[in-house]
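Here's a quick briefing to read alongside the sequence and the 3D view. Keep both open and follow along.

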Amino acid sequence: MVLVEHELYHAAQETDAFGAPKFSKSTGRPIFTIRGHDVEEFVGVVRRYGADAAGVRAMVDAANQKPEIARVQIAHPCGTCQLRVA
Ligand SMILES: [Zn+2]
């Protein structure tokens with residue numbers, strides 16, 4: 001489930017030069033694209049220059065929050081994970 005969610009986060013709607021969502025001129029449907037990860041940085045850079053300078057503030061803030069879905073709730077629907085939890 002975590003892997004599927006990760007891969008779905010790579011899917012996004014294409015945007016134009018102004019950041020507005022793009023739509024197909026022929027069909028009117030959204031134009032999709034693949035987007036990169038939210039964060040790609042070294043721990044050392046964040047340690048030396050801070051989360052804001054490294055552009056990882058949103059990830060740090062998210063990591064400091066309580067998980068929206070607890071680990072035990074992720075494992076229960078998956079038979080393989082459930083064996084590890086038990
Ligand atoms: Zn990925």
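The protein has five helices and two strands, and this is a predicted model. Reading from the N terminus, the elements go α-β-β-α-α-α-α.

**Overall layout**
- Take the contacts between residues at least 6 apart in sequence: 18% of them join residues at least 24 apart.
- The protein's accessible surface is about 7,700 Å², and carbon and sulfur atoms account for 59% of that.

**The zinc site**
- Three histidines coordinate the zinc ion through their NE2 atoms: His6, His10 and His37, at 2.0 to 2.1 Å.
- Along the chain, the zinc donors are spaced as H-x3-H-x26-H.
- His10 comes in at 15% relative accessible area, so it counts as buried, given that the cut-off for buried is under 20%.

**Ala54 in helix 2**
- Ala54 sits in helix 2, which covers residues 43-54.
- Ala54 is buried because its relative accessible area is 15%, and buried means under 20%.
- Which residues does Ala54 touch, leaving aside those up to four places away in sequence? They are Glu41, Val45 and Val46.
- Glu40 is 14 residues from Ala54 in sequence, and their C-alpha atoms are 9.4 Å apart in space.

**The largest pocket**
- The largest pocket holds about 900 Å³ of space.
- Its lining is made up of 24 residues, and those closest to the pocket centre are Glu5, Tyr9, Met59, Ala62 and Glu68.
- Which elements give two or more residues to the lining of the largest pocket? Helix 1 (2-9), helix 3 (57-63) and helix 4 (71-75) do.
- By residue type, the lining of the largest pocket splits into twelve nonpolar, six polar and six charged residues.

Notes:
Residues numbered from 1 in each chain as written. Predicted model: local features only at pLDDT ≥ 70, side-chain atom pairs only at ≥ 80, totals over all residues. Heavy atoms only, no water. Donors = N, O, S within 2.8 Å, 3.2 Å for Na, K, Ca; no water. Buried < 20%, exposed > 50% of the residue type's maximum accessible area, 1.4 Å probe, protein only. Helix = DSSP H or I, 4+ residues; strand = E, 2+ residues; numbered from the N terminus. Contact = heavy atoms within 4.5 Å. Areas by Shrake-Rupley, 256 points an atom, 1.4 Å probe, with all protein chains shown as cover. 1 Å grid on protein atoms, 1.4 Å probe; cavity = no way out; pocket = protein on both sides within 12 Å on 5 of 7 lines; lining within 4 Å. Points joined across faces, edges and corners; volume = space filled by probe spheres on them. Nonpolar A, V, L, I, M, F, W, Y, C, P; charged D, E, K, R; others polar.
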